[in-house]
Amino acid sequence: MQAVNSYMFLLVGAALFSIGLAVVLLKRHAIVVLMGIELMLNAVNINLVAFSQYDPDRLQGQMLALFVMVVAAAESAVALAIVLQVYCHFRTVQLDKLNELKQ
């Protein structure tokens, strides 16, 4: 089995982060924005694991990636609960139409 160079991991991480950032900036649906944030967190995880190969004695990159996954799962649960409550109150999850807090 041939080893994959670290720049390939960085390239995939950069692509995922860019796609996630574009989704967050361009889309106005709350669920889709959450999915973009998750893509960016996964890109960070790929970079953490890719850079951890330079310190093989320690598992800091993998452990930090695991911590990020746990935090992302908790963040998703809280965010989905908030989106559900927003939908129950305003009957929409379009971020452009939620302007009551702006006043």
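Helices here are DSSP runs of H or I with at least four residues, numbered from the N terminus. This is a predicted model, in which local features need pLDDT of at least 70, side-chain atom pairs count only at pLDDT 80 or more, and totals for chains, interfaces and linings use all residues. Residues are numbered from 1 along each chain as its sequence is written, and side-chain values use heavy atoms, with hydrogens and water left out.

Helix α3 covers residues 60–90, so named as a DSSP run. With 31 residues, α3 reaches 43 Å from its first C-alpha to its last, close to the 45 Å expected at 1.5 Å a residue. The expected span is 1.5 Å times one less than the number of residues in the helix. Which residues of α3 are buried? They are Gly61, Ala65, Val68, Ala72, Ala79 and Val83. These buried residues pack against α2, residues 30–51.

That brings us to α2 itself. This helix has 22 residues and reaches 32 Å from its first C-alpha to its last, close to the 32 Å expected at 1.5 Å a residue. Its buried residues are Ala30, Val33, Leu34, Gly36, Glu38, Met40, Ala43, Asn45 and Ala50. What covers them includes α1 and α3.

Glu38 is buried yet has no salt bridge, and the nearest side chain of opposite charge, Arg28, is 17 Å away. A salt bridge here is a side-chain nitrogen of Lys or Arg within 4 Å of a carboxyl oxygen of Asp or Glu. For opposite charge, Lys and Arg count as positive and Asp and Glu as negative, while His and the chain ends are not counted. Leaving out residues up to four places away in sequence, Glu38 touches Ala72, Glu75 and Ser76. Contact of this kind means heavy atoms within 4.5 Å.

Next comes the nonpolar side of the picture. In soluble globular proteins, nonpolar side chains tend to be buried together. In this model, the largest nonpolar core has 5 residues: Ala30, Leu34, Ala79, Val83 and Val93. The elements that give two or more residues to this core are α2 and α3. A nonpolar core is a set of buried Ala, Val, Leu, Ile, Met, Phe, Trp, Tyr and Cys residues joined through side-chain atoms within 4.5 Å. Val93, one of the core residues, touches Arg28, His29, Ala30, Val83 and Tyr87, not counting residues up to four places away in sequence.

Thr92 also lies in the segment after α3. Is Thr92 buried or exposed? Thr92 is buried, with a relative accessible area of 15%. Setting aside neighbours within four places in sequence, Thr92 is in contact with Val86, Tyr87, Lys97 and Leu98. A polar atom of the Thr92 side chain lies 3.2 Å from the backbone nitrogen of Gln94.

Further along, we meet a charged pair. A search of the whole structure finds 1 salt bridge. Asp96 forms a salt bridge with Arg28, the closest N and O atoms being 3.4 Å apart. Asp96 lies in the segment after α3 and Arg28 in the loop between α1 (6–26) and α2, so the pair ties together parts that are 68 residues apart in sequence. Asp96 counts as exposed at 52% relative accessibility, and Arg28 as partly exposed at 35%.

Lys27 lies in the loop between α1 and α2 too. At 44% relative accessibility, Lys27 counts as partly exposed. Beyond residues up to four places away in sequence, Lys27 touches Ala22, Val32 and Val33.

We finish in helix α1, where Phe17 lies. Phe17 is partly exposed, with a relative accessible area of 37%.

Definitions and conventions
Buried < 20%, exposed > 50% of the residue type's maximum accessible area, 1.4 Å probe, protein only. Polar contact = N/O pair within 3.5 Å; in protein donor to acceptor, adjacent residues only side chain to side chain.
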